[in-house]
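Visitor: Could you walk me through this structure, starting with any open space in it?

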Amino acid sequence: MNTAAPRRSRPRGEARRAQILDAATAVFLEQGYADTTIDLVVGRAGASKATIYSFFGGKEGLFSALIGERAERILASFPDIEIENVDVRTALTDIARQYMDVAMSPEAIGLLRLILTEGPRSPDLASNFYRVGQDRVTASLARALRTWARRGRISADASDRLATQFFDLVRGELHLRVVTGLTPDDLAEAVENNIDHAVRTFWRAVEPRGDR
């Protein structure tokens, strides 16, 4: 009995699926959701319509799949938060910098623009985008904040809300400006200024009471 073909079929299928998603991402980011067609994706991916429909069931399924896959890929570049044996304020600065590296990447900005356009029409897509990406990053910081609070490293209650507020501060108005196309001339400097202000502001709220 020849078992080689079944062993190879799944990797080939996964590679083809990934190739189609790469092509679809490029087309959606270039054309927007409304102007993207399966024919355009077929042309970019060099795939047949039948293959795309067999994997994704159509344009909406393709878009949903790429949002989930890209959010996972973007999140993968955000490392686990180091909790033990760290200076908390320095750790918060590192977390903020790693977060902005991800949030300000061209692909993340492009996907967010698509979500802002399509979210009202397809709320499940927006929910999936946040669940896979932002919600998991926020939950990771909340766990770290709870641990540091238990050990007296910070003074904090309601860690989930604090984690959300921290990332709100880190993104600030700068993120919205970039999403809307108002990118400053020196983006790197603007990001560092945002991070510095966010960490200083947040630290005043959570520093140990004995240090105040």
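Guide: A pocket, on a 1 Å grid over the protein atoms alone, is an open set of points where a 1.4 Å probe fits, with protein on both sides within 12 Å along at least five of seven lines. Points are joined across faces, edges and corners, and a volume is the space filled by probe spheres set on them. This is a predicted model, in which local features need pLDDT of at least 70, side-chain atom pairs count only at pLDDT 80 or more, and totals for chains, interfaces and linings use all residues. Residues are numbered from 1 along each chain as its sequence is written, and side-chain values use heavy atoms, leaving out hydrogens and water.

Visitor: How much space lies in the largest pocket?

Guide: Rolling a probe the size of a water molecule over the atoms shows where empty space is left. For the largest pocket, that space comes to about 430 Å³.

Visitor: Which residues lie nearest the centre of the largest pocket?

Guide: Lining residues have an atom within 4 Å of a point, and helices are DSSP runs (H or I, at least four residues) numbered from the N terminus. Several helices, including α5 (88–103) and α8 (134–150), each supply at least two residues of the lining. The lining has 19 residues, and nearest the centre lie Tyr99, Ala103, Leu112, Phe129 and Gln134.

Visitor: What share of the residues in the chain is buried?

Guide: The chain has 10 helices and zero strands. Buried means under 20% relative accessible area with a 1.4 Å probe, counting protein chains only. Of the 212 residues in the chain, the buried share is 43%.

Terms used:
Buried means under 20% relative accessible area, exposed over 50%, partly exposed in between (1.4 Å probe, protein chains only).
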